[in-house]
Amino acid sequence: MAPGSGGAARGPERKVAPGRRAGGQLHRRGTDRSLCREPPGVSIQVQTSLHSSHIIEQVRGFELDAGIIYAAPEDAQDLVVLPLYTEEHVLITGPGMLTEAAVAGWRQALDLPLCLLDSRMRGRQVLDAALERHGMSASPRIETDSVVSLLSHVATGQWASIVPRQWLAPLGPLPGIRMIALSEPELSPQISLVLTASEPMPLMSRALLRTAREVYP
């Protein structure tokens, strides 16, 4: 999440930077609505085009009130980190790619013609690192930085993708796209809110932290 150009503690605007794809959870859980209620007159600017490293840099520089990222231990050394939720990866396919009886495990899923996020994006790097720990790897034929592009390719019935289930819920019904849970092993990356640890904490950052704790108890 990020402040206006004057900084996190100056002015009525909050900027929110949810690390490319976490923004849908803000809306779905009502976080954005809660933030606008208290304090009165506050508005939100959500930035979804920043990479995690840029979010962390701008939080430290008071250009952002907060960010929502895959927080690695090295990110948290001088920041407040509040775990929000754990992602659950699912396989998504178009019509006819798998039979109705097929239950996809990770190895079967990785053998399909895959369209995945760009390898430079943190979400993809988290997925790759988790697979590597279990002796597996993904070799996508197509990479993109857009979830809309992933869904468009999957809808053709010629491509499959692996995405966090939480990304799909805010999009509503997705006609023609099957969602299949993946387990064995279970990959559960943690999504966290990060804020400056400076004392005293800026007013906007304190309000964001309080609201996040209420919405994600």
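# Cavities, a pocket and some residues to look at

Student: How many cavities of 30 Å³ or more does the structure hold?
Tutor: This is a predicted model, so the answer describes predicted coordinates. Counting cavities of 30 Å³ or more, the structure holds two.

Student: How much space lies in the second largest pocket, and what is the make-up of its lining by class?
Tutor: The pocket is lined by R122, Q125, V126, A129, A130, R133 and H134, together with E186, L187, S188 and P189. The space in the second largest pocket is about 150 Å³. Sorted by class, the lining has five nonpolar, three polar and three charged residues.

Student: Let's turn to L131. Is L131 buried or exposed?
Tutor: L131 is found in helix 5. Buried means under 20% relative accessible area. L131 has a relative accessible area of 0%, so L131 is buried.

Student: What separates the C-alpha atoms of L131 and E186?
Tutor: Leaving aside neighbours within four places in sequence, L131 is in contact with W106, L110, M136, S137, A138 and L187. As for E186, this residue and L131 are 55 residues apart along the chain. The separation of their C-alpha atoms is 10.0 Å.

Student: Which residues does T93 touch, not counting those up to four places away in sequence?
Tutor: T93 is found in strand 6 (residues 89–93). T93 has a relative accessible area of 0% and is buried. The residues that T93 touches are L98, L112, V154, W159, A160, G176, I177 and R178.

Student: Where does F62 lie, and is F62 buried or partly exposed?
Tutor: F62 is not a glycine, although its phi is positive, at about 60 degrees. It lies in the loop between helix 3 (52–60) and strand 4 (66–69). The relative accessible area of F62 is 36%, so F62 is partly exposed.

Student: What is the peptide bond from E199 to P200, cis or trans?
Tutor: P200 lies in the loop between strand 11 (190–196) and helix 8 (203–215). Omega for the bond from E199 to P200 is near 0 degrees, and the bond is cis.

Student: What share of contacts between residues at least 6 apart in sequence join residues at least 24 apart?
Tutor: The chain has eight helices and 11 strands. Among its contacts between residues at least 6 apart in sequence, the share joining residues at least 24 apart is 75%.

Student: What share of the accessible surface belongs to carbon and sulfur atoms?
Tutor: Of the 217 residues of the chain, 51% count as buried. The accessible surface of the chain comes to about 10600 Å². The share belonging to carbon and sulfur atoms is 50%.

Key. Residues are numbered from 1 along each chain as its sequence is written. This is a predicted model: local features need pLDDT of at least 70, side-chain atom pairs count only at pLDDT 80 or more; totals for chains, interfaces and linings use all residues. Side-chain values use heavy atoms; hydrogens and water are left out. On a 1 Å grid over the protein atoms alone, a cavity is a set of points where a 1.4 Å probe fits but cannot get out, and a pocket is an open set with protein on both sides within 12 Å along at least five of seven lines; lining residues have an atom within 4 Å of a point. Grid points are joined across faces, edges and corners, and a volume is the space filled by probe spheres set on the points. Helices (H or I, at least four residues) and strands (E, at least two) are DSSP runs, numbered from the N terminus. Buried means under 20% relative accessible area, exposed over 50%, partly exposed in between (1.4 Å probe, protein chains only). Contact means heavy atoms within 4.5 Å. Accessible areas come from the Shrake-Rupley method with a 1.4 Å probe; for residues, only the protein chains shown count as cover. Ala, Val, Leu, Ile, Met, Phe, Trp, Tyr, Cys and Pro count as nonpolar, Asp, Glu, Lys and Arg as charged, and the others, Gly among them, as polar.
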